[in-house]
Amino acid sequence: MAPITQSRTHLRTCPLCEAVCGLELTLDADDHVVAVRGDQNDPFSNGFLCPKGASFGQLDEDPDRVTEPLVRDRATDTWRRVSWDDAFDYIAEQFPAVVAEYGKQSAGAYLGNPNAHTVAGMLYVPMLLRALGTKNIFSATTADQMPKQVASGLMFGDPMAVPVPDLDRTDYLLMLGANPLESNGSLCTAPNFPGRLKALRRRGGRLVVVDPRVTRTAKIADEHLFIQPGSDAYLLFGIVHTLFAEHLLDLRIEATGLDELRAAAAPFDPPTVAARTGIPASTIERLARELAAAPTAAVYARIGTCTAEFGTITQWLVDAINALTGNLDSPGGAMFATAAALGIVRTKPFRTGRWTSRVRALPEAMGELPVATLADEILTPGEGRIRALVTVAGNPVLSAPSGARLDTALAQLDFMVSVDRYVNETTRHADVILPPPRPTQSPHYDFALLRFAVRNYARYSRPLVPLGDRPSEAAVVARLAAALTGAPHSAADGADPMAAADELVIMGLLQKMQLADRRDELLGEDTTEQRIDLMLRIGPYGDWNGGTLNLRTLLDNPHGIDLGPLQPRLPDVLLTTSARVDLAPQQLLDDVSRLRSQLTTVAPEMVLIGRRQLRSNNSWMHNIEPLMGGSNRCTLQINPADVARLGLGDRAVVKSAAGTLTVALEPTETIMPGVVSLPHGWGHSQLTHTVARAHAGVNANVLTDDSVLDVPSGNAVFNGVPITLVPA
């Protein structure tokens, strides 16, 4: 008779995308996840579960993940397992030596987007960057969302003040370059995004999707409009022009720059921009009238527009239209969430260009440089050349432009350290890999994502599985920060870098708020939880700020707490010098001339765009067998008319200014003629991972050009890339 295995059920937030869905996990007596369900009692996600969340258990214990520190022998390019103390000792010996020889600016760091989903990434990676003391900081932000944050920073004074569509109350939603039925939402935290869009239509609202593809989202919309990739700014300027020309303005907020915005829109009348966008002038005018006439409305644009040459102008115009139609900071329009945990409070108006990159003089934004110039900074000789690199949860060889060039660059580093759960296309170049624990062994609170939520909400998840004799992810990052400077970094030295850092942050904040005498009141099993408790208590709902929220409240409500619908927050969120919304930031007005100069440019015969996939998340979920197959394939979607016109077969050679790929074709009427689509995050030819190697695909970023950027933000351009196609 088989032994009876005891199981237990735990609740936690899914960390695999921006939707922050609640999960109900069943673990057996050996701490293996044996079942996953959506948490029906989560007030925000209400039991919604996507295929990624359903595969949480397989990801948690992927047999190909790194479980112990690895050190690479450069002579033989082989790995050996070492103890944690030995790994940090080796880093403390090698990394500071490189910096001592070449200077602080010879160090660099790259952060992948999983950092936004972890407690360690949000609370401890900043101390790692401070320890490095370099200006050479790069992240996935400039391959994804920087245009939105720069536009918000210039309009509202704070790049984290990002308005989101009030999905549950709006009557009209115009969506550009977003596909939340595949992505689950982005810079718009909304579990069950599909259900929220369907509810919009059920209550009589209208959904209009603008995209070069008939995406899954477009298929449930009231209307879909094809648009020439990269021309979204022209469409939005056409709408702004119409709002002014037809006197449809309903500006309800205090703002500056109205006349300047009117002048900037003057050259972009609908008949003129129609030829550039492929959308008829009459349709552009109708969209403007519908937005102005709807009881409530919101414009939302995401990655397809951010990763284009005029991404920041596009994101600026999104919120300019929301403001001009009376829908900014208004229920049913575009609103600002009120996050429960109070983090770093910005006190000065946002600006970019506080420093520039060494090689191409590209301006800084939000404390980092464009990832498109990372390879330049490693490959180009001279003082300040990056010779030592730290990566945390990132794979820029697959996710950054000109991936092949970056692959070559990483091989030339003097020393590299990676905090990562995999040996991937990037970390294979590392000298040391420090693996984080399983997700079930880590706490979870969404510090970043709840700042973009469509409803105010909070939820905290404690670790479900003991760490055993390995350090937490927070301790790994904190010990690494100490080792990079040669400081004491282990218990043998009498050091506890994590606790020391936490105490510094806690006491610094308490003293700043004149609450130092309340240190002993903070709750938590460790200093990490005490930091979270402090952030909750001094936050807008906190019990030290007139409310009731603290860590105990969240522990007593493991399904999460509904904090209510979004509320108007202007002018409180503003940090502009005028204390009003700036509808015409000078930095963006300066870029309009570049946009205007391309107004009559003839579009290339064929262009490449990206593609989101429901069962994929960038480059790091292709080793999970249940997520592979079906539509989750690396194929080039192409209109059948283009296949016939170019005489193509089942495969084609795709060429761009940056590189060449041979890829399988997927003919489909869902993509407009003259456009092809290739998903990003593939190209796993150098992995030893069993599943990913069997479904390797090709790296789309062999085709993207790291010399082409969105100028105001430095964001890489992945959409609208000119290409040619020939039979394979």
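Helix α10 passes helix α11 in a left-handed crossing (left-handed if the near helix is turned anticlockwise from the far one by less than a right angle, right-handed if clockwise). The model is a predicted one, in which local features need pLDDT of at least 70 and side-chain atom pairs count only at pLDDT 80 or more, while totals for chains, interfaces and linings use all residues. Residues are numbered from 1 along each chain as its sequence is written, and side-chain values use heavy atoms, with hydrogens and water left out.

Helix α10 spans residues 232–245 and helix α11 residues 258–265. Helices (H or I, at least four residues) and strands (E, at least two) are DSSP runs, numbered from the N terminus. The two helices pack at an angle of about 120 degrees, with their axes 9 Å apart. Axes are lines fitted to C-alpha atoms, for helices over the stretch in contact, and angles run from 0 to 180 degrees between N-to-C directions. On the α10 side, the contact (heavy atoms within 4.5 Å) is made by Phe-237, Val-240, His-241 and Phe-244. Helix α11 contributes Leu-258, Leu-261, Arg-262, Ala-264 and Ala-265. By class, the contact of α10 with α11 has seven nonpolar residues, one polar and one charged. Ala, Val, Leu, Ile, Met, Phe, Trp, Tyr, Cys and Pro count as nonpolar, Asp, Glu, Lys and Arg as charged, and the others, Gly among them, as polar.

Helix α10 also packs with helix α13 (residues 281–293). Here the angle is about 60 degrees and the axes are 8 Å apart. The crossing of α10 and α13 is right-handed. Leu-235, Gly-238, Ile-239, Thr-242 and Leu-243 of α10 meet Ile-284, Glu-285, Leu-287, Ala-288, Leu-291 and Ala-292 of α13. Eight nonpolar, two polar and one charged residues make up the contact of α10 with α13. In the loop between α10 and β12 (255–256) lies His-247. His-247 is not a glycine, yet has a positive phi of about 55 degrees. With a relative accessibility of 70%, His-247 counts as exposed (buried is under 20% relative accessible area, exposed over 50%, partly exposed in between, with a 1.4 Å probe and protein chains only).

A search of the whole structure finds ten aromatic pairs. Rings of Phe, Tyr and Trp (its six-membered ring) pair if their centres lie within 6.5 Å; planes under 30 degrees apart count as stacked, over 60 as edge-to-face and the rest as tilted. Phe-44 and Tyr-457 form a tilted pair, at 4.9 Å centre to centre and 40 degrees between the planes. Phe-44 lies in the loop between β3 (33–38) and α1 (51–54), and Tyr-457 in strand β18 (residues 456–458), so the pair ties together parts that are 413 residues apart in sequence. Phe-44 is buried, at 1% relative accessibility. Tyr-457 is buried too, with a relative accessible area of 4%.

The rings of Phe-237 and Trp-316 have centres 5.9 Å apart and planes at 90 degrees, so this pair is edge-to-face. Phe-237 lies in helix α10 and Trp-316 in helix α15 (residues 311–324), so the pair ties together parts that are 79 residues apart in sequence. Both residues, Phe-237 and Trp-316, are buried. Ring pairs link Tyr-234, Phe-237, Phe-268 and Trp-316 into a cluster.

Helix α23 (residues 586–597) has Leu-588, Leu-589, Asp-591, Val-592, Arg-594 and Leu-595 buried. Their cover includes α6 (146–156), α10, α11, α15 and β26 (709–710). Ser-593 is placed in helix α23. At 52% relative accessibility, Ser-593 counts as exposed. Ser-593 and Ala-264 are 329 residues apart in sequence, but 9.1 Å apart in space, C-alpha to C-alpha.

Helix α5 (residues 125–132) and helix α19 (residues 473–484) pack at an angle of about 5 degrees, with their axes 9 Å apart. That makes α5 roughly parallel to α19 (under 35 degrees counts as roughly parallel, over 145 as roughly antiparallel, 65 to 115 as roughly perpendicular and the rest as oblique). Val-125, Met-127, Leu-128, Ala-131 and Leu-132 of α5 make the contact with Val-477, Ala-478, Leu-480, Ala-481 and Leu-484 of α19. The residues of this contact of α5 with α19 divide into ten nonpolar, no polar and no charged. Leu-480 is buried, with a relative accessible area of 0%. Neighbours within four places in sequence aside, Leu-480 is in contact with Phe-88, Ile-91, Leu-128, Val-390, Val-417, Val-419 and Leu-434.

The peptide bond from Leu-570 to Pro-571 is cis, with omega near 5 degrees. Pro-571 lies in the loop between β19 (561–564) and β20 (581–582).
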